[in-house]
Amino acid sequence: MQLSCRPVLWQLRHPFRIATGMRTHTQAVLTEIRLGDTVGYGEASMPPYYGETHETATAFLEQVKAVLQKESAPFSTAAIMETIDAIAPGHHAAKASVDIALHDLWGKLEDRPVWQLLGAEPARMIPTSFTLGIDTPEVLREKLAEAAEFQILKVKLGTSDDKAIIRTVREISDKPIYADANQGWNDPEAALDLIHWLAEQNVCLIEQPTPKDDLDAAAWIAERSPLPVIADESFQRLQALDRVKEAFHGVNIKLMKCTGLGEGLRIVRAAREQGLKVMIGCMTESSCGIMAAAALAPYCDFADIDGCWLIGNNPFDMPTLSEGCIELNARPGLGLTNTLQAGH
Ligand code: MG
């Protein structure tokens, strides 16, 4: 198999502000794995806080190229990914791009959709939330109009005036809200008071209330919280599950954190065994990463896989939404269309 990749910049439709910073674009890499005339597509999306860049990803994928040249088919994806994982620690998004491209290629060669390879049932698809960054009331209004098709909103909190943000959203919409503090709440008691208030505003979950390494504070809040508290920045890969399972009610799986679909599915299973809730999330990603995440969503309790609606230069066609759910189509692989635009 032949791997090629190229760096791209996902341009955000609106500057994206969260508790830990603001950005207008995200570095990403589009990865292609070719076998004969068939091409599998993958993607690495790399927000600055996880340390991967165009340079680190392309250098790592150079090493992956040599591994894949010795492999004749993508069917033993799990074994191939184990070899690739062992090349070097880290590089989670770059590894995810390989895992996603291998799954897309595998599905295309067998004429089966990726969700079917994973054993997922489209009938169990859950609605995805649409994310609102921290903004002025005027911009929030504009974004809410863009989010009309979505049934759930995700609202970024962790500011000094979180109640005002929720009140503004509530003036415009009564849709259920997933609240994400992005580590922004440093005082657990104040956070708990706020969570009680949020529960009265039809907020249904809290993501990452406290700094990622402060598991004691997270555990204190989770024990008393009327809403499920979900680990995001505190949790990346499967091996970290034991560390966070006592401090949160659930984990947010993102393919870019956990190296792809293979490990993502293993996390789902392990989290279920521990009685944990499972959320599937994303970075700002094209339809490629989003359709891969969507293939896991039927296994999850909550989905926040709206990344391709947040960027302005998605090279693939947008996923189809049906009653706020991403449709898992019957096309082989990830079911992406308009891939010519994404290719060379
Ligand atoms: Mg989050």
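**View 1. Buried residues of helix α11 in a predicted model.** In α11, the buried residues are L261, E263, G264, L265, I267, V268, A270 and A271. Buried means under 20% relative accessible area, with a 1.4 Å probe and protein chains only. Helices (H or I, at least four residues) and strands (E, at least two) are DSSP runs, numbered from the N terminus. Just after α11, G275 has a positive phi of about 75 degrees.

This is a predicted model: local features need pLDDT of at least 70, side-chain atom pairs count only at pLDDT 80 or more, and totals for chains, interfaces and linings use all residues. Residues are numbered from 1 along each chain as its sequence is written, and side-chain values use heavy atoms, leaving out hydrogens and water.

View 2. D180 (OD), E207 (OE) and D232 (OD) coordinate the magnesium ion at 2.1 to 2.3 Å. Donors are N, O and S atoms within 2.8 Å of the metal (3.2 Å for Na, K and Ca); water is not among the atoms, so the site may look incomplete. Along the chain, the donors are spaced D-x26-E-x24-D. D180 lies in strand β6 (residues 177-180) and E207 in strand β7 (residues 203-207), 27 residues apart. Both D180 and E207 are buried.

**View 3. Helix α7 against helix α8.** Helix α7 (residues 188-200) packs on helix α8 (residues 215-224). Residues in contact (heavy atoms within 4.5 Å) include L192 and I195 of α7, and W220 and I221 of α8.

How values were computed. Buried means under 20% relative accessible area, exposed over 50%, partly exposed in between (1.4 Å probe, protein chains only). Axes are lines fitted to C-alpha atoms, for helices over the stretch in contact, and angles run from 0 to 180 degrees between N-to-C directions.
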